[in-house]
Amino acid sequence: MTAIDPTIASAKSERGWYKRNEIAVTPWLFLAPAILFFAFYVLWPIYQSIAISFYDWDGLGEARYVGMANYVELMDDGAFEVSLWNNLKWLLLYLLAIPGGLFIALFLNQTVTGIRLYKSLFFFPFVISQVVVGLVFSWFYLPNEGLLNGVLGLVGLGPINVLGDPTMATYGIIAAGLWPQTAYCMILYLTGLNAVDPEQIEAGRLDGAKGWKMLWYIIIPQLKPATFIAFVVTIIGALRSFDLISIMTNGGPFGQTRVLSFYMFEKALSEYGFRMGYGAAIAVVLFLIMLIFIAYFLWSMWAEEKGR
Amino acid sequence: MRFTTKTMLMALAGSTMLAGAASAELTGDLKIFLDTSNPAPRATMEAMIADFQELHPDLNIETTIIDRDAYKTQIRNFLTADSPDVATWYAANRMTPFVEAGLFEDVSDLWQEPEIAEALASTKGAMTIDDKQWGVAYTYYQWGIYYRKDIYEELGLNEPANFDEMKSNCAAIIDSGRKCYTIGTKFLWTAGGWFDYLNMRTHGFDFHMDLAQGKVNWTDDRVRETFANWRELIDMGAFVDNHQNYSWQESLPFIVNGEAAAILKGNFAVAPLREAGLDDNKLDFYQFPAINPDVELAEDAPTDTFHIPAKAQNKDNAREFLRFVVSANVQTEINNGANLGQLPVNAKSAVDDDKFLNEGFAMLSENSPGGVAQFFDRDFPAEMANEAMQGLQEFMVFPDNLDDILKRLDKVQERVYQ
């Protein structure tokens, strides 16, 4: 056994480059498809949008470089301002889905006959398409025949034309959006409630905590992961609000329910939209707003990882 | 669709006559993109293409039908990337972006051919930009006021001949607890129709076109006069309430149920109204009455068109197809009541014997001396049209905002026409 088999020795020294670097390279190989797709479908379009936003381009002919002109024009654009404010309304009011979802989840977190059915019924609006939600709500709001005005009429109020009134329409659409979003938050909290530690509740009870105090100091802290996810999906949901607006008001009446994503679509891609550069500039502004939240999400996830 | 062999042969004869020497059977490919996605126009187009196929059995025709609204945005992609040989679109300013970008083929040579030059003269203007023709029309339709004859008779009213009668009629209709006009402005363009007519009746076709071309400001006093006339109607409550919530289709029940007496609309409204139960005893048509007696009457008559994209592969085949589409017999057939139910563009074609088509044809050929406009969003540049129609909708809901609206439109105008 003293003599080393020459074939083994040579095989060892002749191990391929991949074999030698296997541990360092393999993770990258696994990541490669994702990185490629991410670069091609996310990073490259972001770069392109930013680049186009410096041009005056109708999407067909020659693009003309205009520097910051599109952004300067945005500053002075009343419709853009309206869209920006509406985005803010969406962001703030959409967060109501989180407490709403939490309370429905607490309510449904009990064992009675048929609770599964009730849970599914509450979850139902999230399963159906946003387009259907929009249609149902626009019928609900109809000025003459709508259910809402029927109910208001019973108590001697109304009639109101929610979607036709520029001051109310955005709130009307947000309310429609809250219906499925609340259901989504509810399901997140329901799973979260399963993970709540019964021993801590027991301990709290011994110390005399009940009602609101129990909820605030014992339950909600344990639901933190669920709250974080609910926050993330709600913010994303608010910023992507497009389909409901398109279905319920088409941005109207006279553009008062537009948000940035809808305004961008209208300027660049819709039937009358031929201003790619201007649309891209709106997209960049929307991207910057999203970036604030993305940075916050990444930061809190990073802090979480570090804390472990 | 029931093209018999006989009409087939007639069509064949027609197209060969028209095509003259170039009538040899075609070979190779022909790729056609259509936006005629509604059931009736779709069937009409498919049948027409099938006939063309029979004329040229060796030709490999590939037809793609795209949803009418999606088409409006997709056309930009396919004209620049994967171009068909023939594509549908709209006349007048609506073609400008594509003409300027060099994406439509100049087909002035077709318009030199005597058959086309004579028979299609009426649509030549709408197809012309920079003294060249960029396609051919295949159908057009009149706009006007479709009204409930039975309600007018019940109230003892006649078709109005001028604005005063229009208003007094309207007052009587309102007194009977109805609205004069139904309209759904959710998708904005319907308000453009009202502005077209009010502006053309108040100041005439040429003024309207000057405004479309940016030669007149929106804050001009004459434009204000148009809005003042409109406001008279709005203030008396002529239009249905909450029209900003409805699409034009959703606004039809008001006239069907007798809650509104009339609608200003294109001839395409007739089919759904008939389907909803309004027969010719209940539904009738009149030309939008004169407002300023010194102004010649002008009409809206939107024209739908065929074009050859500049990047088409089989331009000769495409030209032959265009000749076929506009030939007299094909025009008669595809525009009859069983098919498109609109007006043929070829002067030698016959207009189908339909009450509304006859009235519309007579109106456009005899009683529209001022000119024929396409429609608000086809005559005005796209961006101007969009902003303006939003302003028109706002004006109809909040007439007091007019100053604000006009100033805003001036600003848009300044940028769009620079």
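In chain B of this predicted model, B:Asp196, B:Asn199, B:Met200 and B:His203 from α10(B) meet B:Phe205, B:Phe207 and B:His208 from α11(B). Two residues are in contact when their C-beta atoms, placed from the backbone, lie within 7 Å. By class, this helix contact has three nonpolar, three polar and one charged residues. Here Ala, Val, Leu, Ile, Met, Phe, Trp, Tyr, Cys and Pro are nonpolar, Asp, Glu, Lys and Arg are charged, and the others, Gly among them, are polar.

A word on conventions: residues are numbered from 1 along each chain as its sequence is written, and chains are lettered from A and ligands numbered from 1 in the order in which they are written. Because the model is predicted, local features need pLDDT of at least 70 and side-chain atom pairs count only at pLDDT 80 or more, while totals for chains, interfaces and linings use all residues.

Back to the helix pair. The axes of α10 (residues 189-203) and α11 (residues 205-212) of chain B come within 7 Å and cross at roughly 125°. Axes are lines fitted to C-alpha atoms, for helices over the stretch in contact, with angles from 0 to 180 degrees between N-to-C directions. Helices (H or I, at least four residues) and strands (E, at least two) are DSSP runs, numbered from the N terminus.

Now to the cores. A residue is buried if 20 or more other C-beta atoms lie within 10 Å of its own, exposed if 12 or fewer, and partly exposed in between. A nonpolar core is a set of buried Ala, Val, Leu, Ile, Met, Phe, Trp, Tyr and Cys residues joined through C-beta atoms within 7 Å. In the largest one, of 119 residues, B:Val136, B:Tyr146, B:Tyr181, B:Ala262 and B:Val325 touch the most other members. Helix α19 (residues 382-397) of chain B gives the largest share, nine residues. Apart from this core lies another of 56 residues, including A:Leu84, A:Leu163, A:Ala169 and A:Ile235. Leaving aside neighbours within four places in sequence, the contacts of B:Tyr181 include B:Ala238, B:Phe239 and B:Ala260.

Chain A has 16 helices and two strands. Its radius of gyration, taken over C-alpha atoms, is 27 Å, well over the 19 Å that the globule rule gives for 308 residues, so chain A is more spread out than a compact globule; that rule is 2.2 Å times the number of residues to the power 0.38. Along the principal axes, the C-alpha atoms of chain A fill a box of roughly 105 × 75 × 30 Å. Of the 308 residues of chain A, 32% count as buried. The contact between the chains takes 19 residues from chain A and 22 residues from chain B.

| Residue | Phi |
|---|---|
| A:Asn250 | about 55° |
| B:Asp131 | about 65° |

A:Asn250 lies in the loop between α14 (243-248) and α15 (260-268) of chain A and is partly exposed, with 18 C-beta neighbours inside 10 Å. B:Asp131 sits in the loop between β4 (128-129) and β5 (132-133) of chain B and is exposed, with 6 other C-beta atoms within 10 Å.
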